[in-house]
Amino acid sequence: MNNNNLSQLFEQTLAVLPHGAIVTDLHGTVVGANKSFSELSGVESKDIVGKNINDYFPVEEKITGEGVFQLSPISNEIIGEVFHVRAHKLETEQAAGWAYFLSGANDSISGHMSWREEKLASLGTLTGEIAHDLNNLLAGILGHVSYLRLTLPESGGHQVSIEAIEEATKGAASMTQRILAFAKGDKGTLAVVSLAEVIRAGTNLLQAALPKNINMQVIGLDKELSIVGDEIALSQIVMNLIVNARDALPEGGDITISIDSLSLEKTPDGIVPPIKPGHYAALSIADNGSGIEKNVLDKIFQPYFTTKSERGTGLGLSTVKSIVEKHSGGISLRSKVGKGTEFIIFLPLHHAPKEKVEKGSKEIPKGTEAILIVDDEDAVRTVMEKSLALLGYEVDSVDGGEPALELYTASPEKYKLVILDMMMPNMSGD
């Protein structure tokens, strides 16, 4: 087969390629487009050849490098559509140009996009595994703290240390639960949530992750603003926006988080999506950092769009927008280059008072029954065994499913309760 035949095969392959393909010279003049491009865009191939690609798609100088990005076409026939675009630079001894491969907004572009999705999925799996192991360690620490509370006097200097360990461990445990929920893709549950508590937990969590040259100020946590929402998802909003603000302050600066209530008689301009008039909690996260270029402001919430090059996934702000929309809220953005950025989240207020939990010491019930503990984590198993034995129970413990079955099968009538870890090697709790 000679080179001419191979060239014909290549042209036929390009013609039947499921993704739209356009080839331009270095100045953007179109030299060819395939059939899939016409079907996808509504623009005939013959009509675009010889024209500049910028007449149909606003290709900015900042993205004329190889990679994946999104474009909104400006042709009247296809206004409103959004396309994923992958660009490749073409160079031979005789000529140079660009190849653009287009697919619909809901499709993926072979290669780079699937690689990114696989990378994110792998990251989620790894994160979930780490969070699970960390959660087991924290459960052991909290268990030993509870055991110390049972065995040590109620008053004394040791109580300050016990409370400090307990609060810090609970905070870390709350973080791992959020990470686990995110890694597993949990939809979460709706409940009446205190916005102040969500912000307090998020800022306490991220304070240690901020460089020393960044000052974070939180205003309004004394206000009881309750909303109906998913606490884990709302925490993700706070953390994503604080991390964004941190990244905008490479030389240091200020991050200000504030909450307040407001009543809207009409929908203000610039809120996405538009929200109905009513009573809202307003969460503001502002920084005095680098700001956002005006020409990218309308793309900032698009999936996979990022200004952080390889450091960003392009999912942080799109996730924030999605969570806000699911909570029937809206989000506005103000930014000025060199001056800083402010995101304001509007969430519908829930006026029913949040149920208060009465705190007080209650005597822990004791018993004499036999309990079987099955857990592969030594720290968790040991502290449960010690604590239950202190309360009078007869306790047996094993480190896996197989020895647990053997023990239980030998005397099934003995045990009144089995405390079982669901995630164990070799044989799971199920």
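Two strands count as paired if DSSP finds at least two bridges between them. The model shown in these views is predicted.

**View 1. Overall fold of the predicted model.** The protein has 430 residues, and 38% of them count as buried. Its secondary structure comprises 10 helices and 15 strands. Accessible surface totals about 25,000 Å², with 54% of it on carbon and sulfur atoms. Among contacts with a separation of 6 or more, 62% link residues 24 or more positions apart.

**View 2. The open sheet β14-β13-β15.** Three strands pair in parallel in this order. Strands β14 (394–398) and β15 form the edges, each pairing on one side only. On average, neighbouring strands are turned by 20 degrees against each other, direction ignored.

**View 3. The β13–β14 pairing.** Strand β13 covers residues 370–374 and runs parallel to β14. The two are joined by 5 bridges. Within this pairing, L372 stands opposite D396 of β14.

**View 4. Helices lying across the sheet.** Helix α9 spans residues 378–390 and lies across β13, β14 and β15. Its angle to β14 is about 170 degrees. Helix α10, residues 401–410, also lies across β13, β14 and β15. Here the angle is about 160 degrees, taken to β13.

**View 5. A nonpolar surface patch.** Y408, V418, L420, M422 and M423 make a patch of about 440 Å². M422 sits in the segment after β15 (415–420). Its relative accessibility is 41%, so M422 counts as partly exposed. That class lies between the buried cut-off, under 20%, and the exposed cut-off, over 50%.

How values were computed
Residues numbered from 1 in each chain as written. Predicted model: local features only at pLDDT ≥ 70, side-chain atom pairs only at ≥ 80, totals over all residues. Heavy atoms only, no water. Patch = residues over 30% accessible without salt bridge, like charges linked within 9 Å, V, L, I, M, F, W, Y side chains within 5 Å. Areas by Shrake-Rupley, 256 points an atom, 1.4 Å probe, with all protein chains shown as cover. Salt bridge = Lys/Arg side-chain N within 4 Å of Asp/Glu carboxyl O. Helix = DSSP H or I, 4+ residues; strand = E, 2+ residues; numbered from the N terminus. Buried < 20%, exposed > 50% of the residue type's maximum accessible area, 1.4 Å probe, protein only. Contact = heavy atoms within 4.5 Å. Axes fitted to C-alpha atoms, helices over the stretch in contact; angles between N-to-C directions.
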